[in-house]
Amino acid sequence: MDKEKIGTGTALLLVTLIGLDFLDLPFNAAKVGPSGYWNILISFGLTIPLIYLISAFNRRFSESNLLEIAPKVVGRVPAVIGNLIFIGTFLVWLVFAIRDSADVVAIYMLNRTPLWVMILVFLAGVGYVATGGIKSVAYLASFVLIPTFGFRVIMQLLAFQKLAPSHLMPVFSESITEYLGGGLALLGYFSPVITFLLIYPQLEKRKKITRVLFSATLAVLMIFILAIIGSIGVFGSTYTQYYSWPELNAINRVNIPFLALEQVGLLFLIVWLTTFFVSCSFYIYLVVQGFSLQFPVLKYRWTLPAVLVFIGAAGLLLPNSQWVHAWFTSIRVWAMVPWVLYPIIIYTVAVLRKVGDR
């Protein structure tokens, strides 16, 4: 496996977290009610054990990632099956992610452009970035982090100008079980944390991995809370669910007088697309590298275009945007099952069989 070092990975995680939220976080949070902002706090709390699980892998298997560890722990055949399910879930997720993003662009920016053209442009962009491997993706993430992160925060704050505090009341509108269910449903928005199980051996300062993961997720939690409060505060919990991407609809209501920007939402969408390209490039790198690890005959530079073609063809075969968005919301929830359960199984068996450093 490519062992090029990529620093602490902080920029990569931050960009991936804000690039893959797909502007629909408030849509799912509002299902609980006007106080759906509690859900994301619960999701963050549920992410903390995952952070410590990754730290435990780093301590016990400092030079090998999850896919390389599995054969030593459970044997070759079970490991290949488990690894393919693990990385295959990323592949399915990418198919829906790129198609859903193409639908966003088609609706808000290029409604006369054929869908296949937009998907082709998306794949060409992310494929070009992924060609350089993990180091290329990490450098690009470091380059775009500060402007995109700063712009996201500013736009979320400006969206508060249309906020009605009554839409956010009462503060506790549901039972604790409803909030826990909502928190589990939103856990997928922190799923990029899981990817560090595949790259932690390539970090320059692996001893700081717990601090990096915790600080990055905490910083992005601020953006998530602003997005939920802003959207529900503008539209109310009921009307927030009328929009497929309510965060973008809320940003469209921003009014900046004396400034030549009639459509702030379009600028916001362009900034988000920048982080999305980097994020998808990172995920495609993980998928292609994962397949190469399972089957050494599959070289990275030849497997990459094959994966891109599969994603594009599968995305075009999906039905209309409403169907795609509904299923993508479900996939975001259920994908966390293999992404969380598989590492737990591998680590537990490793401890029981005393594999790795104790």
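In which helix of the chain is confidence lowest, and in which is confidence highest? Confidence is lowest in helix 11 (residues 246-251), at a mean of 83, and highest in helix 15, at 93; this confidence is the pLDDT, the predictor's own score for each residue, from 0 to 100.

The model is a predicted one, in which local features need a pLDDT of at least 70 and side-chain atom pairs count only at pLDDT 80 or more, while totals for chains, interfaces and linings use all residues. Residues are numbered from 1 along each chain as its sequence is written, and side-chain values use heavy atoms, with hydrogens and water left out.

**View 1. The whole chain, built from helices.** The secondary structure comes to 15 helices and 0 strands, where helices (H or I, at least four residues) and strands (E, at least two) are DSSP runs, numbered from the N terminus. The radius of gyration is 20 Å, close to the 21 Å that the globule rule gives for 358 residues, so the chain is as compact as a globular protein of that length; the radius is taken over C-alpha atoms, and the rule is 2.2 Å times the number of residues to the power 0.38. Along its principal axes, the C-alpha trace spans about 60 × 45 × 35 Å. Of the 358 residues, 57% count as buried, a word that stands for under 20% relative accessible area, with exposed meaning over 50% and partly exposed in between (1.4 Å probe, protein chains only). The average pLDDT of the chain is 87, and 97% of the residues score at least 70. Where pLDDT is low, predicted coordinates should not be read in detail.

**View 2. Helix 4 and what covers it.** Helix 4 covers residues 66-74, and its buried residues are Leu66, Leu67, Glu68, Ile69, Ala70 and Val73. The cover over these buried residues includes helix 3 (37-60), helix 5 (76-108), helix 9 (196-199), helix 12 (264-294) and helix 15 (336-352). At the N-terminal end, Asn65 caps helix 4, with a side-chain oxygen 3.0 Å from the backbone nitrogen of Leu67; a polar contact is a pair of N or O atoms within 3.5 Å, where within protein one must be able to donate a hydrogen and the other to accept it, and residues adjacent in sequence count only if both atoms are side-chain atoms. Helix 4 is followed by Gly75, whose phi is positive, near 100 degrees.

**View 3. Helix 5, from end to end.** Because 24 of its 33 residues are buried, helix 5 is largely enclosed by the rest of the structure.

**View 4. The loop between helix 1 and helix 2.** Phe22 lies in the loop between helix 1 (10-19) and helix 2 (25-29), and Leu23 lies in the loop between these helices as well. Phi of Phe22 is near 60 degrees, a positive value in a residue other than glycine, and phi of Leu23 is also positive, near 60 degrees. Phe22 is buried, with a relative accessible area of 1%, and Leu23 counts as buried at 0%.

View 5. Thr47 is found in helix 3 and counts as buried, at 1% relative accessibility. Leaving aside neighbours within four places in sequence, Thr47 is in contact (heavy atoms within 4.5 Å) with Leu187, Phe190 and Val193.
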